[in-house]
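Thanks for coming, everyone. Let me put the model on the screen, and then we'll walk through it.

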Amino acid sequence: MNELRKDLIHGRWIEVLSESKSPSEYLLETVKRSTETTCVLCQGREKETPKEIASIRRTGTAPNTPGWWVRAIPSFKPLFQVEGNLDRRAVGIYDRMNNIGANEILIESPEHNIKPEDMGLDQMIRVIKLYKDRVGDLSKDLRLRYIFIFKNSIIDPCRESFSHPVSFLIATPVIPKNIKDELDYAKQYYDYKERCIFCDIIREELKVGERIILETRNFLCFCPYASSFPFESWIIPKRHNCDFHAISGEEVEDMGLAIMNILQRLKAVFKTEPPFNYFLHTAPNRVPRRGQWHTLGDDYHWHLEIIPRLIVKSGFELGSGLFIQTTMPEKAAKYLREV
Ligand SMILES: [Zn+2]
Ligand SMILES: [Zn+2]
Ligand SMILES: [Zn+2]
């Protein structure tokens, strides 16, 4: 029988089908990648991009010249603008504000044709350090409420997409809805139980074991009990902290290993690299406001979510918000664990 499962962190119900689809039942077209001949993100074409905001580079090399390992630049087509103020106001019964924020492209390698799972641990560590550096820098801007880092491996038809390995950063003057839901449910749970819901989930998953893909010294990688997407996987630090920026040096290394390992497993299970997104969920910028964020340090717990893009959500799912899970998380974890 199919079952309804409640996702405790987002407060939504998911229908999990009893007949799980195997990896081979998802149709995957290989993503067509453009070549390095036209790519301005490659090493040597630094003058053709907006001026770099940050980089990790060989000592003695100047910004905007070759010699970098990872590099952050402003977006070519920003969704949000850095300059100006929010100018919040009412329009009739509605609310509006200016699109103040930041959009950055985080270039993960000088090499064009490298995949994150193949770039090697040293390079992956630099990528995570760049994430940390940019979050730390932008969290000082009090106009910004949320700093969102994500990766698209698919070509996005209406936004910037590159065949070069990149992540993106978008900082917004509002807390996006999915994050807000997580924060609200985590706080509700904490108010009631005085425990972090994510720490409770880690304990439960370690006890049950069947949804675990991989456990490292500092991280747990698992398929959530009521995930919305098939083969969705989370990488969560075992040490409680609400803020990704507080990641330790040892955790950076371990997180790099975990990301590469999960991406390699997905590739092995699907016998090709499935398109995917991953994104960081971390605490918002804590702009002091009456009564807010009192317990955030205790109730929220940062993590990384990896979502292979295997399906298109149906009209029922989009319209109702009740998602159908076509591969039971226990089975997805087993495929990924045993591959
Ligand atoms: Zn390139
Ligand atoms: Zn926790
Ligand atoms: Zn999350």
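Which residues does Ser20 touch, leaving out those up to four places away in sequence? The contacts of Ser20 are Thr327, Met328 and Lys331. Keep in mind that this is a predicted model. Ser20 sits in the loop between β2 (12–16) and β3 (54–57). In sequence, Ser20 and Thr65 are 45 residues apart. In space, their C-alpha atoms are 51 Å apart.

On to the sheet. There are 10 strands in an open sheet. The order is β3-β4-β7-β9-β8-β13-β14-β12-β11-β10, and the pairing is antiparallel. Which strands stand at the edges? Those are β3 and β10. Each has a single partner strand, so one side of each has no neighbour in the sheet. From one strand to the next, the twist averages 15°.

A helix packs here as well. Helix α7, residues 329–338, packs on the sheet and touches β10, β11 and β12 (233–237). The direction of α7 makes about 40° with that of β10.

Let's go through some pairings. Strand β8, residues 146–152, is joined to β9, residues 166–172, by five bridges. Those two run antiparallel. Phe148 has Ile170 in β9 as its bridge partner. β8 also pairs with β13, residues 276–281, through three bridges, again antiparallel. There, Asn152 stands opposite Asn277 of β13. β13 in turn pairs with β14, residues 303–308, over six antiparallel bridges.

β10 covers residues 212–215, β11 covers 219–222, and three bridges pair them in the antiparallel sense. How many residues does the hairpin from β10 to β11 run through? Three. Glu215 stands opposite Leu220 in β11.

Next, helix α1. α1 has 18 residues, 121–138. At 1.5 Å a residue α1 should span 26 Å, and its end C-alpha atoms are 26 Å apart, so the two agree. The buried residues of α1 include Met124, Ile125, Ile128, Leu130 and Tyr131. Arg126 and Arg134 are also on the buried list.

What does α1 pack against? α1 packs with helix α4, residues 249–270. The angle is about 110°, with the axes 9 Å apart. That makes α1 roughly perpendicular to α4. The crossing is right-handed. On the α1 side, the contact is made by Leu121, Met124, Ile125, Ile128 and Lys129. On the α4 side, the contact residues include Val252, Met255, Gly256, Leu257 and Met260.

Last item: backbone angles. Asn64 has a positive phi of about 65°, although Asn64 is not a glycine. Asn64 lies in the loop between β3 and β4 (68–74). Asn64 counts as partly exposed, because it has 15 C-beta neighbours inside 10 Å. Glu194 also has a positive phi, near 55°, and is not a glycine. Where is Glu194? In the loop between α2 (177–193) and α3 (197–208). Is Glu194 buried or exposed? Glu194 is exposed, because 10 other C-beta atoms lie within 10 Å and the cut-off for exposed is 12 or fewer.

That's the tour. Over to you for questions.

Methods: Residues are numbered from 1 along each chain as its sequence is written. Chains are lettered from A and ligands numbered from 1 in the order in which they are written. This is a predicted model: local features need pLDDT of at least 70, side-chain atom pairs count only at pLDDT 80 or more; totals for chains, interfaces and linings use all residues. Helices (H or I, at least four residues) and strands (E, at least two) are DSSP runs, numbered from the N terminus. The expected span of a helix is 1.5 Å times one less than its number of residues. A residue is buried if 20 or more other C-beta atoms lie within 10 Å of its own, exposed if 12 or fewer, and partly exposed in between; C-beta atoms are placed from the backbone. Two strands pair if DSSP finds at least two bridges between them. Two residues are in contact if their C-beta atoms, placed from the backbone, lie within 7 Å. Axes are lines fitted to C-alpha atoms, for helices over the stretch in contact, and angles run from 0 to 180 degrees between N-to-C directions. Angles under 35 degrees count as roughly parallel, over 145 as roughly antiparallel, 65 to 115 as roughly perpendicular and the rest as oblique. A crossing is left-handed if the near helix is turned anticlockwise from the far one by less than a right angle, and right-handed if clockwise.
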